[in-house]
Amino acid sequence: MVQKLLESGNAYPCFSTDEELEEAKAKQLAEGKNAKYDGKWRDADPEVVQKMLEDGVPHTYRFKIPKGEVITINDKVRGTVSWDAEATLGDFILLRSTGIPVYNFCVAVDDALMGITTVVRAEEHLTNTVRQVLILKALGYTPPEYAHLSLILGQDKQKLSKRHGATSVTQFKEEGFLPEAMINYLSLLGWNEGTDQEIYEVPELVEKFALERVIKSPAVFDMEKLKWVNSQHIRAMETEELQNLIEPFFKSAEPPLPSDPEFLSAATKMCQPRMSVLSEAPEIAREALAHPLAVTLESEEARKLIEDDKNFPEFTEVLVSEFEAGEIPNPSSEDFEADFKKWAKALGKKTSRKGKGLFMPLRLLLTGRMQGPEVPHQLALAEKASDKIAGAICLRERIDNVKAELIHVNA
């Protein structure tokens, strides 16, 4: 390709040394001019050039920018962009003295030979475009269309880098981000179809995405927004598919959590509405297995709940009585969730409670926490794990904890 440019008069050998180039650059800067090649060998005597080549004098090959050349592109993101090539660049190097071609020469030739029709890249490459278009036109190729996207910034409005968090696709995968969620979120960084929709499936993005809707201003990478998008994709997944994705995280947890189908299915159903990333599943599940009632009772939130509920002692005693009478459904039963809700509704009528007045004290007593996954989901999971993992507290043990922490006090 260099030979073709030489033959067409669009390139020439340059024998300027590094010292000469630095001297010329310093002189231009001192005179307040742009630092560019001074054109010393641009129109050199052909006989002198031939003698230098025959003598093996080290040289580069430079592109000869036509006088008065103006390069204009219709960027699909930035609109019309023009450069006065001669004033902006000066004759630039195509081939180094080592024989290695420079980046812009390689890219232009590669795009041409592969038949690239549209180049989408970061705005940092906008200034490279003028060199590449000059090369393509000189070689007789039609330049592709260009779309230069704005940079993605961190929350500090600085260029996104490794100091802002995860830096590789593998790292995002290990943290439990779904591929479709990553594609979804990244598509929203600088693009919008003109609606309020934020959650897309990949085929939908393929259909709706258009470079004309990409905006010029830089986008900010928001990890919390990415987690939210990921959580929406998690919630939309089929339980069986999500269960398979969660399994590796359970196996690699320290210590490992059960990974049998029964436990995984129950854990997936419980974790699905609460996860932002898959790696949160083990912690959510492990917390559900425990019953830290004694610790929670010391919290300000629990104390306020009990102080504001004058009938809390009586409610506690009724709950214990319900268990001892066999009224609370068995967490191991297949229809436990539906049976539990039916029982809770009956308990509400029995104790004249409803809404938060019923479910908050019930949650505190049965899960040992003030918040968390749905109560029947936690109880069912703990029951399945009670004989498989240390620290899994079954319903009977939870009632024993309630009696130990509250009934003797009430008495």
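1. F336 and F340 both belong to helix 17, which covers residues 336-351, and they stand four residues apart, about one turn of the helix. In this predicted model, the two rings form an aromatic pair with 5.6 Å from centre to centre and 55° between the planes, an arrangement that counts as tilted. A pair of aromatic rings is described by the distance of the centres and the angle of the planes. F336 counts as buried because its relative accessibility is 2%, and F340, with a relative accessible area of 3%, is buried as well.

2. The count of aromatic pairs comes to 10. Elsewhere in the chain, F172, F177, Y185 and F221 are linked by ring pairs into a cluster. One of these residues, F221, is also touched by I152, a residue taken up in point 6.

3. R62 lies over the face of Y37, at 3.8 Å from the ring centre. For R131, the charged end sits over the ring of F92, and the distance to the centre of that ring is 5.9 Å.

4. The largest nonpolar core holds 37 residues, and those that touch the most other members are I246, F250, M275, L278, L289 and L381. Two or more residues of this core come from each of helix 8 (179-188), helix 10 (223-236), helix 11 (239-251), helix 12 (261-271), helix 13 (281-289) and helix 19 (375-385). Helix 12 gives the largest share, six residues. Leaving aside residues up to four places away in sequence, L381 touches F263, A266, A267, M270, A285, A288 and L289. A second, separate core is made of 29 residues, among them I73, V102, A112 and L126. In soluble globular proteins, nonpolar side chains tend to be buried together.

5. Which order do the strands of the open three-stranded sheet follow? The order is 1-2-5, and the pairing is antiparallel. Strand 1 (11-14) and strand 5 (93-95) are the edge strands, each of them pairing on one side only, and from one strand to the next the twist averages 45°. Between strand 1 and strand 2, the latter spanning residues 60-63, the antiparallel pairing runs over four bridges. Within this sheet, P13 stands opposite Y61 of strand 2.

6. I152 is found in strand 8, residues 152-153. Is this residue buried or partly exposed? I152 counts as partly exposed, because its relative accessibility is 30%. Its contacts, not counting residues up to four places away in sequence, are K159, L160, L189, A219 and F221. I152 and A122 are separated by 30 residues in sequence, while their C-alpha atoms are 9.3 Å apart in space.

7. I116 has its place in the loop between helix 5 (103-114) and strand 6 (118-122). With a relative accessible area of 31%, I116 is partly exposed. When residues up to four places away in sequence are not counted, I116 touches D111 and P144. I116 and T72 are 44 residues apart in sequence, and the distance between them in space is 19 Å, C-alpha to C-alpha.

Terms used:
Residues numbered from 1 in each chain as written. Predicted model: local features only at pLDDT ≥ 70, side-chain atom pairs only at ≥ 80, totals over all residues. Heavy atoms only, no water. Core = buried A, V, L, I, M, F, W, Y, C linked by side-chain atoms within 4.5 Å. Buried < 20%, exposed > 50% of the residue type's maximum accessible area, 1.4 Å probe, protein only. Contact = heavy atoms within 4.5 Å. Phe/Tyr/Trp six-rings, centres within 6.5 Å; stacked < 30°, edge-to-face > 60°. Lys NZ or Arg CZ within 6 Å of the ring centre and 35° of its normal. Pairing = 2+ DSSP bridges. Axes fitted to C-alpha atoms, helices over the stretch in contact; angles between N-to-C directions.
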